[in-house]
Amino acid sequence: MNDTKKLSGNAALAARDLRHVWHPCTQMHDHETIPMVPIVRGEGAWLFDADGKRYIDGISSWWVNLFGHANPRIAAALADQARTLEHVIFAGFTHEPALQLAEELVRVTPEGLNRVFYGDNGSSAIEVALKMSFHYWLNQGHGEKTRFVALTGSYHGETLGALSVSDVALYRKTYAPLLLEPILAPSPDTWDAEPGETPADVATRRLGDLRAVLERQAGEICAVIVEPLVQCAGGMRMYHPDYLAGLRTLCDEFDVHFIADEIAVGFGRTGTMFACEQAGVRPDFMCLSKGLTAGTLALSAVLTTDAVYEAFYAEYASGKAFLHSHSYTGNPLACRVALETLAIFRDEPVIENNRRLAAHLASRLAPLRDHPHVADVRQTGMIAAVELVRDKASRTPFPFEERRGMRVYLHGLTRECLLRPLGNVVYFMPPYVVTESEIDHLVDVAIEGIERAVA
Ligand SMILES: *Cc1c(COP(=O)(O)O)cnc(C)c1O
């Protein structure tokens with residue numbers, strides 16, 4: 001090995017990194033044995049490391065990438081915007097990318113979401129929706145409404161408010177003393193079906209549970225917050241659209257808001273532009289991020305109705321304004337990239353292509369259903385998941401500390417794949433530019449990894 005390569009290779013960069021950088025969602029001690037992978041460039045579905053090895057990005061770099069890494073169209077729009085206007089205060093000032101993006105978002109989201117408030121990441125969008133919902137009721141003279149309903153197994157982000165309405169113990173438990181206390185309603189997760197129940201039956205039964213919560217406590221509840229169709233970080237748990245339709249009806253009946261967190265499932269992930277479309281519903285708040293910029297820059301948006309907007313619209317002295325702000329609100333670079341993302345959706349048959357890719361992925365995963373350590377293979381559009389268990393008949397999970405999923409991850413790295421299981425759930429969430437043969441490779445490697453992980 002020559003010296004220049006050695007100095008800039010994986011090992012050298014990893015060593016420098018570990019001297020100062022503290023990584024997210026990581027027990028840093030793991031890196032005494034698990035390699036840190038320095039990535040030097042990306043192209044399409046591929047990432048390239050400093051040793052020249054490559055990996056198919058099977059998880060869209062944490063569910064954000066849509067149209068491939070270093071997408072030339074997006075890069076060109078970003079460069080042009082950077083030379084024109086990189087940022088400006090968004091209070092009292094506006095600019096074409098932000099107002100045009102608001103127009104476009106209103107156009108592509110369900111009818112009636114006419115107002116757009118920007119944030120700079122998914123968690124901040126959740127904070128905005130929670131505060132706005134509470135503040136709406138306060139402005140309407142209902143300051144007694146202070147609580148939120150969340151679903152079991154839900155995940156809405158890591159800041160204190162977003163974590164408060166999340167129910168993934170791994171992230172929440174430690175900080176519980178700092179958090180708001182949500183009212184948990186049981187998730188319509190199809191995994192919990194009773195014998196003989198269809199996914200629609202589970203949805204109906206869980207709507208009954210939610211109705212009971214609302215009958216008891218609606219007077220103190222601001223909103224119900226859900227991840228439409230797929231609870232992603234909670235293990236890619238999936239449910240029937242009937243639940244969303246029923247949720248809309250219940251929220252109207254009991255006078256509480258419906259917050260749809262489409263941060264992970266929006267922008268074509270579930271087979272439609274937004275997951276809510278599959279139930280034909282309009283939430284009162286829709287939170288968007290991740291795919292909003294096709295995975296290029298941090299940006300989020302909360303869409304809401306004119307009715308919500310009008311509850312804040314009054315003389316200054318009324319004190320009704322929504323004063324929430326972030327320094328980078330409405331960042332022109334991010335807005336411009338989001339506009340280019342939506343332009344790609346307009347110019348190319350993205351959703352139709354995804355249907356073909358999703359069908360291919362489904363057919364390749366089907367044989368895993370017979371695997372003795374696979375309890376479930378489930379899929380909603382471009383999200384597919386394989387649930388590993390120790391015992392299939394009783395669905396006894398592998399103990400979490402055995403880290404079976406980690407073995408799949410490590411195997412993937414040796415075979416040109418980035419797969420990053422959530423505990424014992426091996427999932428696929430590739431960028432939409434992935435090819436059928438790349439999907440074949442991801443699935444083949446996942447199956448090899450599963451064989452090793454369960455051995
Ligand atoms: C990722 C995610 C969030 C949080 O977004 P960040 O940008 O990571 O803060 C919120 N909700 C859902 C459903 C997510 O998947």
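**Briefing: helix packing, sheets and ligand shell**

The axes of helix α4 (residues 72-84) and helix α12 (residues 332-347) come within 9 Å of each other and cross at roughly 150 degrees. Axes here are lines fitted to C-alpha atoms, for helices over the stretch in contact, and angles run from 0 to 180 degrees between N-to-C directions. The structure is a predicted model, in which local features need pLDDT of at least 70 and side-chain atom pairs count only at pLDDT 80 or more, whereas totals for chains, interfaces and linings use all residues. Residues are numbered from 1 along each chain as its sequence is written.

**Overall architecture**

- The protein contains 15 helices and 16 strands; helices (H or I, at least four residues) and strands (E, at least two) are DSSP runs, numbered from the N terminus.
- With a radius of gyration of 22 Å, close to the 23 Å that the globule rule gives for 455 residues, the protein is as compact as a globular protein of that length. The radius is taken over C-alpha atoms, and the rule is 2.2 Å times the number of residues to the power 0.38.
- The C-alpha trace spans about 70 × 60 × 45 Å along its principal axes.

**Helix α12 and its partners**

- The crossing of α4 and α12 is right-handed. A crossing is left-handed if the near helix is turned anticlockwise from the far one by less than a right angle, and right-handed if clockwise.
- On the α4 side the contact includes Ile 74, Ala 77 and Leu 78, and on the α12 side it includes Leu 333, Val 337 and Ile 344; residues are in contact if their C-beta atoms, placed from the backbone, lie within 7 Å.
- Eight nonpolar, two polar and three charged residues make up the contact of α4 with α12. Ala, Val, Leu, Ile, Met, Phe, Trp, Tyr, Cys and Pro count as nonpolar, Asp, Glu, Lys and Arg as charged, and the others, Gly among them, as polar.
- Helix α5 (residues 96-108) also packs against α12: their axes come within 9 Å and cross at roughly 35 degrees, and this crossing is left-handed.
- Among the residues in the contact are Pro 97, Leu 101 and Val 108 of α5, with Cys 335, Leu 339 and Leu 342 of α12. By class, the contact of α5 with α12 has nine nonpolar, one polar and two charged residues.

**Seven-stranded sheet**

- Seven strands form an open sheet of mixed pairing in the order β4-β12-β11-β10-β7-β5-β6; two strands pair if DSSP finds at least two bridges between them.
- The edges are β4 (113-119) and β6 (183-185), each with a single partner strand, so one side of each has no neighbour in the sheet.
- Direction ignored, neighbouring strands of this sheet are turned by 25 degrees against each other on average.
- β4 and β12 (residues 300-305) run antiparallel and are joined by six bridges; Gly 119 has Ser 300 of β12 as its bridge partner.
- Helix α6 packs on the sheet, touching β4, β5 (147-151), β7 (221-226), β10 (257-261), β11 (285-288) and β12, and its direction makes about 25 degrees with that of β12.
- Helix α10 (residues 242-254) packs on the sheet as well, touching β7 and β10, with its direction at about 150 degrees to that of β10.

**Other strand pairings**

- An open sheet of three strands, β13-β14-β16, is paired antiparallel. Its edge strands, β13 (374-380) and β16 (425-428), each pair on one side only.
- β13 is joined to β14 (residues 383-388) by six bridges, and Val 374 stands opposite Leu 388 in β14.
- β1 (residues 39-43) and β2 (residues 46-49) pair in the antiparallel sense over four bridges, with Ile 39 opposite Asp 49 in β2.
- These two strands, β1 and β2, form a hairpin with two residues between them, where Gly 44 in the turn has a positive phi of about 60 degrees.

**Ligand surroundings**

- Of the 14 residues around the ligand, Asn 121, Gly 122, Ser 123, Gly 157 and Ala 264 come nearest; a residue is near a molecule if its C-beta atom, placed from the backbone, lies within 6 Å of it.
- Helix α6 (residues 122-139) provides the largest share of the shell, three residues.
- The shell residues divide into six nonpolar, six polar and two charged.

Definitions and conventions. Contact = placed C-beta atoms within 7 Å.
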